[in-house]
Amino acid sequence: MRVVYISTIERGGPLTHLRQLVPRVAAEGVDVEVVCGSEELAESFRRLGVAARAVEVAHKLDVRGASRLLPLVDGADVVHTHDRRAGLFGRLAGRLRRARVVHTLHGMPEEIAARIGRDDAPDPPGVSRGRIAWLEHGYLRLESALTRLGHVVAPSQAMADFMVAHGFPSQLVHVIPYGMEIGENAAQTKHDRLVAGVAANLEYWKGIDVLLEAARLVRSPLRLEIYGVGSKQAELERQAEGLDAHFNGFVQSPLAGLDVLVQPSRADNLPLAILEAMASGLPVIGTRVGGIPELVVDGETGLLVEPERPEELAVALDSLAADRERRLELGRRGRERVREHFSADGIARRTVALYEELCGSST
């Protein structure tokens, strides 16, 4: 079986997922190749032992760039796409070359993402009703129509339920979560205060402002390490004045030296940062949005709080600050949960099983 993966983005969760997935699919005996957006990215996959080629598709109207995908999917049994541009052009290229087509829908536009698993979520500030209406009645219908070119993978059950509720054909939607390799145990360092970290885009829907507000309510000594970049950075830095909070930008390994990872999101699908933390033995405090409750078992592998409730988040931080042994136990159970349900090897096997099913069917 030959599988061609297509991604047109430069960085982000889908690429992290592909780096975990593709070498392990190859280890299952599948002939794999990655088509990505730059020679630098292609080389990063080659270093993992995966064949890769670079094709730049600059935007959704870049027909010339998209046409270069066609010869690269010749002979593919499956074309598996991983972002919106790839999902548009790559699926079409795959169908034109008579391949089975799979698209992983990694998330929804942020204006409606909060509604995944949370029907009563308020609209983000500054977003017009017209924009919301277009996303609900235009974008979602277009994505549903594109799904009929093949099949679609949702990384969380919450995401799949949202899709089906908005017209996606249920028989074409498959739930396969992200996988993560078990890492070294990061929860070893002793600190004189709780060191809590967050790794996320510094945007409204990630809820970093809620974490900063919670930090002012925490009674225990607390240091915040904030990893990421985004349009809200200057605003968040002003909000953090007077707190022991450090903005570190985008880094490759944000978990080192933390006691707990905090994911204060207003909207999320299946955050890789949480999986990475759990795989490294760090306890997690997350919000009850999207697929986060599918990762974090409240009171067993971490703590869950309601979104936009800084007082609840502060209580959770205080409870972990006061009990290092509990932090270690939550982290240990988190590692076991990843090993049992979200291991990179196990997710690769589930993905290959889907390919085999599709190649053996007539749909």
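Helix axes here are lines fitted to C-alpha atoms over the stretch in contact, with angles running from 0 to 180 degrees between N-to-C directions. The model is predicted, so local features need pLDDT of at least 70 and side-chain atom pairs count only at pLDDT 80 or more, while totals for chains, interfaces and linings use all residues. Residues are numbered from 1 along each chain as its sequence is written, and side-chain values use heavy atoms, leaving out hydrogens and water.

**View 1. Helices α1 and α14 cross at roughly 65°.** Helices are DSSP runs (H or I, at least four residues), numbered from the N terminus. The axes of α1 (residues 13–27) and α14 (residues 344–359) come within 9 Å. The two helices are therefore roughly perpendicular (65 to 115 degrees). Look for Gln20, Leu21, Arg24 and Val25 of α1, which are in contact (heavy atoms within 4.5 Å) with a set of α14 residues that includes Ile347, Thr351 and Tyr355.

**View 2. The largest nonpolar core has 29 residues.** Such a core is a set of buried (under 20% relative accessible area, 1.4 Å probe, protein chains only) Ala, Val, Leu, Ile, Met, Phe, Trp, Tyr and Cys residues joined through side-chain atoms within 4.5 Å. Leu222, Leu224, Ile285, Leu313 and Leu317 have the most contacts inside this core. Beyond its neighbours within four places in sequence, Ile285 touches residues including Val260, Leu303 and Leu320.

**View 3. Gly75 sits in a loop.** This loop runs between α3 (63–67) and β4 (78–81), a strand (E, at least two residues). Gly75 is exposed (over 50%), with a relative accessible area of 58%.

Notes
Parallel < 35°, antiparallel > 145°, perpendicular 65-115°, else oblique.
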